[in-house]
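Dear colleague,

I am passing on the structure below, and my notes on the contacts in it follow. Please read them with the coordinates open.

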Amino acid sequence: MAQTIQERRLERAQREFNAIITPEILEEAERFHKRMSYVPPEEMFKPFTM
Amino acid sequence: MPGISPQKKFIFPFSPADNRLGQSSICTYLYEYLEAIGAKTCLHESDYIDKDYLIDYSKFYSRSFEKFDKTTDRHHFFTSSFGQIKFKRALENEDKDFFKALQESYLGFIVLKPIKNILGQRLIGKTVLATYPEHHEIDIRCFLTNEHKVSLYGIPLKVKTLPFQQKDNAVGVCATVTCWSAQFPLMHMFGTPILSPVEVTERAVMCPSEDSRNFPSDDGLTLSQLKYYFNSMNLETEFINPKPTVDSPQTPCDDIIADAVRAYIELGLPIIATLNLKGTDDYHAVLITGYRHTHGKVREIYVHDDNIGPYHRIKPNRRGKFTSWKESGSNGVEKEYELQRLLIPVYPKIRLSFGKVYRAFLQFKRGTEIFVSSGTYPPDTQTELFLTDIHRYRQFLLTKKFEEKKDIVREPAARFLWVIRIHNGGIPIRDYVLDGTAIYPNKIIWDIEFQ
């Protein structure tokens, strides 16, 4: 089936994007997200009293 | 007419030397702020029924042996000068021109509660005051605001801002009033309810903590209770720790706090900052409400700090970052806070987290820096990251010129979008638009080069 203009444009954009955001960068992003969003259990129970 | 005594003076020229709110440091701050935004006249509305205070009164204060008033004093502020005779005559004659002029010069109001703190100073209740002006020389200020309608004896007034109030140790301290302020933009965007401070605390403490009492609530809420509170509103919470080490190239010029503030304020999401007073075990929570920038470089962050006041300015530290904040206390002693974490309540459909997309953003940022140094992009070209929704983004696209515009603006897209934008002096060069409802930052929706 012939590709639509939108599909062709999207495919090209995705290809260029993938050249910058490689699988290695995506793996790093996962690790980065985990470190950044982790809250140590003791911090969860410190009250804000000020 | 309730609130107007026939003889009593109720309209006053604004004067910081004659602070009508009280002598506490927060009252002094508020009068300085009002002077900075151009207040000229103050109108005192007595016996005002404030919904938030009334709920706190009914749930807490009404059951005390001590007698407390159930009404408040509300003070309105205007940039125009007018007197009592003119105002009363306008009410008598339904002077629409005068009412219009009042609206144009309206700066908002401050509610003074009948409750006093341990020093005998009356507490500041709901405060709805205009923001600093949008432009400051070449800088631009961006704020988290919604329109608040006010009725002054039937005169319709409105102000764009984010409500503030001071902590009340009986019903809720810093984290409670921070959540209370955060409710307003969330209600506007996602239809979540507005609760009074006592109701915020009641809901949050359904998640148990190690502290003994819920009310009086001087013990404060914990991070887990803040998370529970927003989750109970069917919202997700994102945490951002500003101190992660990144495995990949990262230069000292990146400031994750400034980047996160810009990213979320663009959509209108409130950002709670949790702080540790350095060298102590004291923790504080404030709400980030805006920022000032020069062509994308964040110069100041504004916070609603219940110990200081609304739109308190935070400057970057010596390293040019917002990871630690300094402020002068009322006794002149400088305090330094370390920013521990940002907490952002988000709609559950915003599934692509800041943490995941930020790494991809840094990759584009490094690429742009290389293009600038090689001369491909002009100097001062920058990369920014922000969250938006399809409606706002399409509105923006309609104002721009780019190839296949008439097709692109009609294409279906996700409700929430992360945009990595390359721009020069605020003029967009290229947008990489990612699906904000995706799990991973690997799906591009549009790659748009502007003409």
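**Strand pairing and contacts**

β1(A) pairs with strand β10 (residues 221–222) of chain B in the antiparallel sense, over 2 bridges, where pairing requires that DSSP finds at least two bridges between the strands, and where strands (E, at least two residues) and helices (H or I, at least four) are DSSP runs numbered from the N terminus. In this pairing, A:F48 stands opposite B:L221 in β10(B).

This is a predicted model, in which local features need pLDDT of at least 70 and side-chain atom pairs count only at pLDDT 80 or more, while totals for chains, interfaces and linings use all residues. Residues are numbered from 1 along each chain as its sequence is written, and chains are lettered from A and ligands numbered from 1 in the order in which they are written.

The contact between the chains takes 30 residues from chain A and 47 residues from chain B, two residues being in contact if their C-beta atoms, placed from the backbone, lie within 7 Å. On the side of chain A that touches chain B, two or more residues come from each of α1 (5–20), α2 (23–37), α3 (41–44) and β1 (47–48) of chain A, and α2(A) supplies the largest share, 11 residues.

Chain B is divided into domain 1 (11–166), domain 2 (203–346) and domain 3 (354–449), with bounds from an automatic or database domain assignment. The C-alpha centres of domain 2 and domain 3 of chain B lie 27 Å apart, and 14 residues of domain 2 are in contact with 16 residues of domain 3.

Best regards
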